Amino acid sequence: MPRHSETKYRFATAFQRRLNPVMRRLPLQTVLETTGRTSGLPRRTPVGGRRVGDSFWLVSEFGERSQYVRNIEADPRVRVRLRGRWHTGTAHLLPDDDPIARLRALRSMNSVAVRAIGAGLLTVRVDLED
């Protein structure tokens, strides 16, 4: 990873370590819950994205370096909290999808932040069961 991208990654992860515990407690914040690949414990990450039909779409700002993406690779069964309600589903990593185009389609402040901070973007689709 180029030096600039590595610096962005370190800054973003340090920032997220402090902000995420607060954000995931907000009742209307969208949260992705994965199973820790080593611990087996639930791991909750605030995310931005959008529900489209029976799927929830998001873009990981650091692709396969994101811990939740690594957890999805180990176990794709996830839960997503949307507007205060939990939904179960199966996550799919889509490396062939165009993440920039996907972010434009999702249109949110989170999309702007992901484009600005991200390096190695990766689209994730969660097929919701309920």
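# Questions on a seven-stranded sheet

Reader: How many bridges join β5 to strand β6, and how do the two strands run?
Author: Strand β5 covers residues 77-82 and strand β6 residues 85-94; strands here are DSSP runs of E with at least two residues, helices are runs of H or I with at least four residues, and both are numbered from the N terminus. Two strands pair if DSSP finds at least two bridges between them. Strands β5 and β6 run antiparallel and are joined by six bridges.

Reader: Which pLDDT do local features need in this predicted model?
Author: Residues are numbered from 1 along each chain as its sequence is written, and side-chain values use heavy atoms, with hydrogens and water left out. The model is predicted: totals for chains, interfaces and linings use all residues, side-chain atom pairs count only at pLDDT 80 or more, and local features need a pLDDT of at least 70.

Reader: Which residue takes a positive phi in the hairpin of β5 and β6?
Author: Within the pairing of these strands, Val78 stands opposite Gly89, and Leu82 has Arg85 as its bridge partner. The hairpin has two residues between the strands, and the one with a positive phi, near 50 degrees, is Arg83.

Reader: In what order do the strands form the open sheet?
Author: Strands of a sheet pair through backbone hydrogen bonds, either parallel or antiparallel. Here β1 (residues 31-35) and β5 run antiparallel with three bridges, while β6 and β7 (residues 122-128) run antiparallel with six. The seven strands, with antiparallel pairing, follow the order β2-β1-β5-β6-β7-β4-β3.

Reader: Why is one side of β2 and of β3 left without a neighbour in the sheet?
Author: The sheet is open, with β2 and β3 as the two ends of its strand order. Strands β2 (42-46) and β3 (50-52) stand at the edges, so one side of each lacks a neighbour, each having a single partner strand.

Reader: What is the average twist from one strand to the next?
Author: Angles run from 0 to 180 degrees between N-to-C directions, with axes fitted as lines to C-alpha atoms, for helices over the stretch in contact. From one strand to the next, the twist averages 35 degrees.

Reader: At what angle does helix α3 run to β4?
Author: Helix α2 (residues 67-74) lies across β1, β2, β4 (55-60), β5, β6 and β7, at about 50 degrees to β1. Helix α3 (residues 99-106) lies across β3, β4 and β7, and its angle to β4 is about 125 degrees.

Reader: With which residue do the side chains of Glu33 meet in a salt bridge?
Author: Side chains of opposite charge can pair when their charged atoms come close. A salt bridge is a side-chain nitrogen of Lys or Arg within 4 Å of a carboxyl oxygen of Asp or Glu, and the count comes to six. Glu33 in strand β1 is linked to a residue of strand β5, 46 residues apart, which is also its bridge partner there. At 2.8 Å, N to O, the salt-bridge partner is Arg79.

Reader: Is Glu33 buried or exposed?
Author: Buried means under 20% relative accessible area, exposed over 50%, and partly exposed in between (1.4 Å probe, protein chains only). Arg79, with 26%, is partly exposed. Glu33 has a relative accessible area of 11%, so it counts as buried.

Reader: How far from Arg81 is the nearest side chain of opposite charge?
Author: Arg81 is found in strand β5. One of its side-chain polar atoms lies 3.1 Å from the backbone oxygen of Gln29, a polar contact being a pair of N or O atoms within 3.5 Å, where within protein one must be able to donate a hydrogen and the other to accept it, and residues adjacent in sequence count only if both atoms are side-chain atoms. Lys and Arg count as positive and Asp and Glu as negative, with His and the chain ends not counted. Arg81 is buried yet has no salt bridge, and Glu33, the nearest side chain of opposite charge, stands at 8.7 Å.

Reader: Which residues is Arg70 in contact with, leaving aside its neighbours within four places in sequence?
Author: Arg70 is found in helix α2 and is partly exposed at 32% relative accessible area. The backbone oxygen of Glu64 lies 3.3 Å from a polar atom of the Arg70 side chain. Contact means heavy atoms within 4.5 Å. Beyond those sequence neighbours, the contacts of Arg70 are Arg37, Glu64 and Arg65.
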